[in-house]
Amino acid sequence: FQSKRFESIVLSAVVIQRIYRGYEGRTLYVTTREKEVHRKELEAQNKSATTIQRVYKGRFQSKRFESIVLSAVVIQRIYRGYEGRTLYVTTREKEVHRKELEAQNKSATTIQRVYKGRFQSKRFE
């Protein structure tokens, strides 16, 4: 009688273990599956965030580069205008100076001509 009872207890224990192990297996599978799904969702979110960041940074850099180019164009325009005005002023000053020198040279030539003419006429007298 005790032997049958012992067998019955052992069989009951085996059944309980089998049921528990099945439960643990299913729970582990569900947990592992949930983790895998969650990991894939995180990867998809990360990929989406990376794409958004890449596009935003690209547009931001493009606008920044465009701003730098426009700034360079403005600086060049201002500098070239300054250079043009400076060149004009220096050219104008050189022209005025050249004309003054020509006038002085002409005056000096006239003075020399008159002086030499008088000196020569006094020499012949």
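**Exercises on salt bridges in a predicted model**

E102 is partly exposed, its relative accessible area being 44%.

**Exercise 1.** Find which residue forms a salt bridge with E102, and state where the two partners lie.

*Solution.* Begin with the general idea that side chains of opposite charge can pair when their charged atoms come close. The partner of E102 is R98, and the closest N and O atoms of this pair are 2.3 Å apart, which counts as a salt bridge because the limit is 4 Å. Next, locate the two residues: both R98 and E102 belong to helix 1, where four residues, or about one turn of the helix, separate them.

**Exercise 2.** Decide what other salt bridge R98 forms, and whether R98 is buried or exposed or in between.

*Solution.* R98 also pairs with E95, with 2.4 Å between the closest N and O atoms. These two residues are three residues apart in helix 1, so about one helical turn separates them.

**Exercise 3.** Describe the salt bridge between E43 and R39, and name the network to which they belong.

*Solution.* The closest N and O atoms of E43 and R39 are 2.3 Å apart. Because they are four residues apart in helix 1 (residues 2-124), about one helical turn lies between them. E43 is partly exposed at 44% relative accessibility, and R39 is partly exposed at 36%. Finally, a network of salt bridges links E36, R39 and E43.

Methods
Residues numbered from 1 in each chain as written. Predicted model: local features only at pLDDT ≥ 70, side-chain atom pairs only at ≥ 80, totals over all residues. Heavy atoms only, no water. Salt bridge = Lys/Arg side-chain N within 4 Å of Asp/Glu carboxyl O. Buried < 20%, exposed > 50% of the residue type's maximum accessible area, 1.4 Å probe, protein only.
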